[in-house]
Amino acid sequence: MVEGKVQKLHGEGCVMDFVYRKATISDSERIAELFEEMLRAIYHTQDVEGYENGYLDKFFSAGDDLIYVAELEKELVAFLSVEVYREEGYIYLDDLSVTAECRNQGIGTKLISLAEDYAESTGIPAIVLHVEKANKRAHELYRKCGYSDYEDQGKRIMMVKELRK
């Protein structure tokens, strides 16, 4: 499923409708804001640098790279950027960010699932990502989604999931 709506019970029986879809270039500003929010949460500082000017453009060209987003009431609350490395045989999950108010509701898991479906639909057998060692919640999320630690790279860990053998 590339696009769709998922209902999630929230709080006192309130239902929240999250919509999942591929990002468009008009989402770029909000994606950049979510990226900076993610960096501030990981590094516990307000002094972060966002994407370089023009960086997101590659996700909106005619290539295979894309970004999945989650919306709540027409506001972007999360994104996952996906880079395709066909020759090398893997998809790279670059950035995953869920705004603080919407964490722990399955949004990150759903975005990862969309990326895995995309990899399988293109015949790519593996997914690779990096997680900062300081980001213990993300590391645990990836483990729950079936990713294994592959290589300790100092401040971060490379993780891998084989989709088919």
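Trainee: Is Asp64 buried, partly exposed or exposed?
Mentor: In this predicted model, Asp64 counts as partly exposed, with a relative accessibility of 32%.

Trainee: And which side chain does Asp64 meet in a salt bridge?
Mentor: The partner of Asp64 is Arg86, and the N to O distance in that salt bridge is 2.8 Å. The two residues are 22 residues apart and link distant parts of the chain, with Arg86 in the loop between strand S4 (75–85) and S5, and Asp64 in the loop between H1 and strand S3 (66–72). Arg86 is partly exposed too, at a relative accessible area of 44%.

Trainee: Which residues do salt bridges with shared partners join into one network?
Mentor: That network is made up of Arg21, Asp27 and Glu71.

Trainee: How many salt bridges does the count come to?
Mentor: The count comes to eleven salt bridges, and one of them joins the side chains of Glu36 and Arg40 at 4.0 Å, N to O. Because Glu36 and Arg40 are four residues apart in helix H1 (residues 28–43), about one helical turn separates them. Glu36 is partly exposed at 29% relative accessible area, and Arg40 is partly exposed at 25%.

Trainee: What about Glu37, which residue does it form a salt bridge with?
Mentor: Glu37 pairs with Arg103, their closest N and O atoms being 3.7 Å apart. Glu37 lies in helix H1 and Arg103 in the loop between strand S5 (90–98) and helix H2 (107–121), so this pair ties together parts that are 66 residues apart in sequence. Glu37 counts as buried at 18% relative accessibility, whereas Arg103 is partly exposed at 25%.

Trainee: Switching to cysteines, how many disulfides are there?
Mentor: The count comes to zero disulfides; Cys102 is buried at 4% relative accessible area, and Cys145 counts as buried at 13%.

Conventions:
Residues numbered from 1 in each chain as written. Predicted model: local features only at pLDDT ≥ 70, side-chain atom pairs only at ≥ 80, totals over all residues. Heavy atoms only, no water. Disulfide = S-S within 2.5 Å. Buried < 20%, exposed > 50% of the residue type's maximum accessible area, 1.4 Å probe, protein only.
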